[in-house]
Amino acid sequence: MSEIKTETKKETLARLFKQNGLVKEDVYKDKRGFVIITRTGIDKIISNRGIQLEYEPIVMERDWVVMRCTAQMVKDKNIGMNKTETFGEASNENTMGLAGKFPVAMAEKRAKSRAVLMLTGFYEQGIYGQDEMTDE
């Protein structure tokens with residue numbers, strides 16, 4: 001019978017950061033208590049893990065955009081899941097600053113961050129992408 005290995009959350013995060021090539025500057029703690037991976041950190045993960053992304057517009061209205069993102073790990077398949085699908089949405093109600101003027105870009109960024117973080121095991125540790133945060 002094989003033994004199940006357990007890690008603390010801190011050990012898991014340290015392992016994920018190392019496996020994905022992240023450094024201290026790629027993350028920050030939001031004032032509300034969330035740990036955030038920056039946009040450049042997300043891009044590093046994509047590059048380091050060979051993640052392929054596909055997008056599909058679901059809703060494309062003037063004030064509401066929803067994008068589907070399918071992400072697939074094409075190398076290092078033993079880390080996290082191999083494929084996932086999620087959504088990103090953007091409207092004036094859930095964006096801050098000038099981001100509301102670019103709902104398609106915001107929906108894409110949110111879908112991308114969510115898919116990458118789900119695929120690599122960060123999401124289950126409570127780590128979010130920079131573009132998911134609003135002013136609340």
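Q: Contact means heavy atoms within 4.5 Å. Which residues does phenylalanine 122 contact, leaving aside its neighbours within four places in sequence?
A: They are Leu13, Leu16, Phe17, Asn20, Leu22, Ile37, Ile45, Leu117 and Ile127. The model is predicted, so local features need pLDDT of at least 70 and side-chain atom pairs count only at pLDDT 80 or more, while totals for chains, interfaces and linings use all residues. Residues are numbered from 1 along each chain as its sequence is written, and side-chain values use heavy atoms, leaving out hydrogens and water.

Q: What makes a set of residues a nonpolar core?
A: Its members are buried Ala, Val, Leu, Ile, Met, Phe, Trp, Tyr and Cys residues joined through side-chain atoms within 4.5 Å. The largest such core here has 20 residues, and Ile37, Ile45, Ile51 and Phe122 touch the most other members. At least two residues each come from helix H1 (9-19), helix H2 (39-49), strand S4 (64-73) and helix H3 (103-119). H3 gives the most, 5 residues. A second, separate core has 6 residues, including Val65, Ala90, Met106 and Ala107. Helices (H or I, at least four residues) and strands (E, at least two) are DSSP runs, numbered from the N terminus.

Q: Why is the pair of phenylalanine 17 and phenylalanine 122 called edge-to-face?
A: Rings of Phe, Tyr and Trp (its six-membered ring) pair if their centres lie within 6.5 Å; planes under 30 degrees apart are stacked, over 60 edge-to-face, and the rest tilted. These two rings are 5.6 Å apart centre to centre, with 70° between the planes, so the pair is edge-to-face.

Q: What does this pair tie together?
A: Phenylalanine 17 lies in H1 and phenylalanine 122 in the loop between H3 and strand S6 (127-129), so the pair joins parts that are 105 residues apart in sequence.

Q: Why is tyrosine 123 called partly exposed?
A: Buried means under 20% relative accessible area, exposed over 50%, and partly exposed in between (1.4 Å probe, protein chains only). Tyrosine 123 has 23%, so it is partly exposed. Tyrosine 128, at 27%, is partly exposed as well. Phenylalanine 17 and phenylalanine 122, by contrast, are both buried.

Q: Which residues do ring pairs link into a cluster?
A: Phe34, Tyr123 and Tyr128 are linked.
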